[in-house]
Amino acid sequence: MIVKQYVRITSDTIVLNGMPLCVAAKGEEMLKEIYRKRIGNYPKFFKMGTLCKLGFIASELLLQQEGNRTFDEKGIVKPACGREDRAVLFFNRSGSISDDKDYQQTIVSGTDSFPSPSLFVYTLPNIVTGEIAIRNRYSGETGFYVLPFRNDEQMWQETAAVFRDRSIRSALTGWLECEDHDSFEAEVSLVATQDLVCDRQEHTE
């Protein structure tokens with residue numbers, strides 16, 4: 001596998017392919033700032049939980065480096081831009097704990113409680129991979145693995161295993177950890193098979 005693009009996001013910094021992006025806000029407000037500045041065409045973003053916002057922003061920053069995407073009026077890539085050869089694979093150690101806490105707050109106030117369906121949907125960490133797949137019309141494998149601790153070797157091995165399916169030629173993969181609205185970390189890469197990299201080099205020479 002070859003790493004084509006790489007992004008690292010913390011609660012107050014974003015580094016894309018080694019270059020820091022200018023941000024003024026911190027925490028979840030920083031994610032909203034980057035969305036408004038660099039994306040801005042997917043209204044569902046503001047309904048997402050923090051973990052989902054984090055994965056969405058990380059994926060968008062990487063995919064924008066590729067270009068070649070056009071969107072419909074709902075902010076979903078047009079069918080011609082969909083892909084069957086791309087997987088989405090993320091890992092963390094705390095699942096959707098940040099959104100779980102938010103949801104819990106809607107059901108602990110006794111007779112006045114009302115469980116929020118809009119929050120409940122984000123109490124599953126794989127909603128992140130689902131949103132990315134929907135946004136980009138990906139139909140390759142998607143998965144979100146909750147590990148006891150961060151293990152880069154295991155993550156790399158799991159990602160490599162996806163490529164045993166010969167129809168998969170690239171993947172969005174990496175670590176997405178979100179403790180709360182203001183404490184999170186993402187290290188996400190766009191990786192590809194060696195033959196895909198070679199094919200594209202030949203076509204541009």
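Modeller: Contact means that heavy atoms lie within 4.5 Å. The model discussed here is predicted, so local features need pLDDT of at least 70 and side-chain atom pairs count only at pLDDT 80 or more, while totals for chains, interfaces and linings use all residues. Residues are numbered from 1 along each chain as its sequence is written, and side-chain values use heavy atoms, with hydrogens and water left out.

Colleague: Which residues is Asp12 in contact with, leaving aside its neighbours within four places in sequence?

Modeller: Asp12 contacts Val23, Lys26 and Met30. The C-alpha atoms of Asp12 and Ala24 are separated by 8.4 Å.

Colleague: Is Asp12 buried or exposed, or partly exposed?

Modeller: Buried means under 20% relative accessible area, exposed over 50%, and partly exposed in between (1.4 Å probe, protein chains only). Asp12 has a relative accessible area of 38%, so it is partly exposed.

Colleague: Which residues of the largest nonpolar core touch the most other members?

Modeller: A nonpolar core is a set of buried Ala, Val, Leu, Ile, Met, Phe, Trp, Tyr and Cys residues joined through side-chain atoms within 4.5 Å. Here the largest has 39 residues, and Val7, Ile9, Ile14, Ile57 and Leu176 touch the most other members. Helix H2 gives the most to this core, with nine residues; helices are DSSP runs (H or I, at least four residues), numbered from the N terminus. Another core, apart from this one, has 11 residues, including Phe91 and Trp175.

Colleague: Where is Trp156 found?

Modeller: Trp156 is found in helix H6, residues 152-162. Trp156 counts as partly exposed because its relative accessibility is 41%.

How values were computed:
Helix = DSSP H or I, 4+ residues; strand = E, 2+ residues; numbered from the N terminus.
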